[in-house]
Amino acid sequence: MSYMALYREWRPKTFEDVIGQDHIVKTIKNQINSNRIPHAYLFCGTRGTGKTSTAKILSKAVNCLSPGDGGDPCNQCEACREINAGTAIDVVEIDAASNNRVENVRELIEDVKYPPHKMKYKVYIIDEVHMLSTSAFNALLKTLEEPPSYVIFILATTDPQKVPATILSRCQRFDFKRIRVEDIISRLKRITSENGVLADDRTLGVVARVSDGAMRDALSILDQAMSMSQGRIEYEDVVSMLGLTSNEHIFSLVDSMAEGNVEAAVKIIDEIILNGKDILQFIKDLTKHFRNLLMVKISKNPDEIIDASEDNIKMLKEQARRFRSEEIMRAIKIMVEAENDARYTTQPRILLEIAVIKFCKREYDTSPEIILSRINMLEEKIKSGAIAVKVEDVKDDKKKQEVKKHKNVDNKHEEPAIHESLADTVSDDVTIDEVRSSWQEVLNLLKANKKMVVYAYLEPGDVADVKGNIITIAFDEKFAFSKANLEKSDNKQIAEEYFSKILNKNVKLQFKVLERENTIDRSIELAKQILGEDKVEVIE
Amino acid sequence: MELKTYTEFKKIIKEKRLEGPIIIYGDENHLIDESIKIIYNIIKSFQEMNIVKLDGENITLDDIINACETLPFMEDKKIVHIRKAAFLNKAPGMTEDFVKNFSNYIKNLPDGIILLLTLQGSVDSTNAVFKVIKSTGYVIEYKPMRGEELQRWVLESFNKNGKVINKYELNYFIMEAGSSLEQLEREVEKVCAYASEEVITKQHIDEVVHKSIESNIFKMVDSISRKDADKAISILNALLFQKEEHLKILGMIIRQIRLMYLIRAYLDEKRSPSEINRDLKLNEFVLNNLIKQSKAYTVEGLKKLLSLCLETDYNLKNGTYSSDFYGLALETLIVELCK
């Protein structure tokens, strides 16, 4: 016998064989049994869900000469055999995709007038009906509305949105669901066992999941896998055949992003480029990866919304644990932005790197979402109890005492714990540049920790001078009250604490108020400098 | 005489009082078609000879007079049906003369003639023909059914198929199947064929009724209001699987949230559900559910949800998301809405 593709060989022949569409099968059977068959059906659903198969079974069932109890066709009688062989004159199957013109429909309408030759009903199966042209639809309308009693129309489409409402409202509409993974697996099992091929559930599971609820896809993949195998289908073979090999690069890149390890991440990007991967495509893949992470995080049953092998989903689940959903959302936003920009650049690599760095270095980002996620991180640390408050070793006792003494001379405030932990630092000297660059960070941290009073007083100030570990902060004359308030011991302590923390050095603060210079005099001075003394005349 | 409902019309048919001119118009095509069928059935024999169909868009007075003046064949009645009687409205190309002469002719219509004029849409009530027929014959307008009238109609169709349905399920059915009568009738037939039991349950409806996109969106927003992102995303994926357009989905999410927002605001003003519905005119079932959902939020909270939607809408339209990621944009939106 000549070779026949699996999906043709295993096309369902009775209602029993139609998988995963119980609601439709039951309704149609009841209609046949009670002889209340509507004159027009519309079958909707994606590819491989059983539309055409059901239409064919239906055409047999209404015409079968010795139907079974349940309304199933016998597949034995003359009518059934003719329809199966495709030679029946009274069952017309039309592919609307290639016969989409009015002329074709007019021919059909002409044909409808004549009663069936041999069978009880004339059945017209119009496949891909959404492809008909507008005028063809309109021509069909009238016949569809009041067809002769011996005619049944079965329209099948993958795209009911494209079918005009006037047609839709004249047909009884059935929606074919995407076939569930378990249903596909059980069907595949039957086929493999009847073909004498071995395959375990895990392997069939991948096939079922990748086929996205379409039986025909599943069977094509199985067909391919079967022809590759020698009586046994291996999981690894199927995975590599489908190109589902988990993308190592993406996983490791995201891993290093989770750790905030920019160096490793950039190295991986370099490797990817050496491998000749298209960056734009990679950014897209990365975005999809983050999307999958998000889905894994949110969904209890992610198999349905992610097309990936079981192993991959397991890895995704594993990796998703390293992120909070807000973080993933942030990553998606950054990646989408990068992808958008990358379309218009000749240097997509740089954009990818920037995106990765942006994700890793959260402290550069001051948007509210980031602050929120940073607070979350702090909370987690507090919950876990792993707060880095260093407890001094006994050995250091002596040194500590010395430091304390030294400090007590310095100022007479009590030292908070946090300062003690910093006492170890080699030198407490800072430079003015260091202080200036961390200024904003200190302010942000104060704000994030709700030290609004200190924040408000400190905000108008400016770093004026740094000597050793003593920072002098200057205020304009009108903010003199800031200085006064910051000199109160509580506030000063807090401010010093935060500066020490950010600079990682034990620093002290001093405050001063800038005396207002005579601004007019200064302007005059400036003007003279620029224009030359002889060109400026001061008129009092 | 002016008739208001389908029931009134059927009563007249039953009493066999129908004769002379009759106009049937309105936006509910299904009822117009049904009525035409009923009227045709008055003629028991030789329908081909005794029913004359004319096209109202291209008609002369002579055509009408010719049709009306020939006697019925082997019957005591004859139907002259003018379809698409656009001249009842202000149709271009129709002379005033035609309307004037036609209205005069109607006054002396021969006995045994049923002159049926049908039109989809509205008529001009100052039209001479319309005025004459209103006083000498029957005028029926079928407006789209709503509320109780619709419920009664659907209930009757269920009963016709030998099934029983309770009020809750009836409302649920109408919400799921939409409001077009043709569609409703098909769905009724389908559910009745599916259910082997006499009483229709919610499960029957869920199994076979074609879920309109409206009802899916409704369930999605319901899941969002319960902070169930998992469910909401699986509905979204089902919709995308059916190839619904992203922007359409987003638009409908926005519509739902907007309704919740309005209802929440009304509730804060201590208005009763029936007062609210005077403005919003929603299906009872939908309204009650929206009230339930909106109670999970404050007006401010809903405003925030709306601005999240707005942001996504903007991002979809300005090209921030490439077309590969439209689905992703909606997914992230739902996650954020569920926060």
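1. Helix α12 (residues 248-259) of chain A packs against helix α13 (residues 262-274) of chain A at an angle of about 160°, with the two axes 8 Å apart; helices here are DSSP runs of H or I with at least four residues, numbered from the N terminus, and axes are lines fitted to C-alpha atoms over the stretch in contact, with angles running from 0 to 180 degrees between N-to-C directions. That angle makes α12(A) roughly antiparallel to α13(A), where angles under 35 degrees count as roughly parallel, over 145 as roughly antiparallel, 65 to 115 as roughly perpendicular and the rest as oblique.

2. This is a predicted model, in which local features need pLDDT of at least 70 and side-chain atom pairs count only at pLDDT 80 or more, while totals for chains, interfaces and linings use all residues. Residues are numbered from 1 along each chain as its sequence is written, chains are lettered from A and ligands numbered from 1 in the order in which they are written, and side-chain values use heavy atoms, with hydrogens and water left out.

3. The crossing of α12(A) and α13(A) is left-handed, meaning that the near helix is turned anticlockwise from the far one by less than a right angle, whereas clockwise would be right-handed. On the α12(A) side the contact (heavy atoms within 4.5 Å) is made by A:His249, A:Ser252, A:Leu253 and A:Ser256, and on the α13(A) side by A:Ala264, A:Ala265, A:Ile268, A:Ile269, A:Glu271 and A:Ile272. By class there are six nonpolar, three polar and one charged residues in this contact, with Ala, Val, Leu, Ile, Met, Phe, Trp, Tyr, Cys and Pro counted as nonpolar, Asp, Glu, Lys and Arg as charged, and the others, Gly among them, as polar.

4. In chain A, the axes of helix α9 (residues 201-210) and helix α10 (residues 215-228) come within 8 Å and cross at roughly 135°, which makes α9(A) oblique to α10(A). A:Leu204, A:Val207 and A:Val210 of α9(A) meet A:Ala218, A:Ile221 and A:Leu222 of α10(A), a contact with six nonpolar, no polar and no charged residues. The two helices cross in the right-handed sense.

5. In chain B, helix α8 (residues 167-177) and helix α9 (residues 181-194) have axes that come within 10 Å and cross at roughly 120°, and α8(B) and α9(B) are therefore oblique to each other. Their crossing is right-handed. B:Phe173, B:Ile174 and B:Ala177 of α8(B) meet B:Gln183, B:Leu184, B:Glu187, B:Val188 and B:Val191 of α9(B), and this contact has six nonpolar, one polar and one charged residues.
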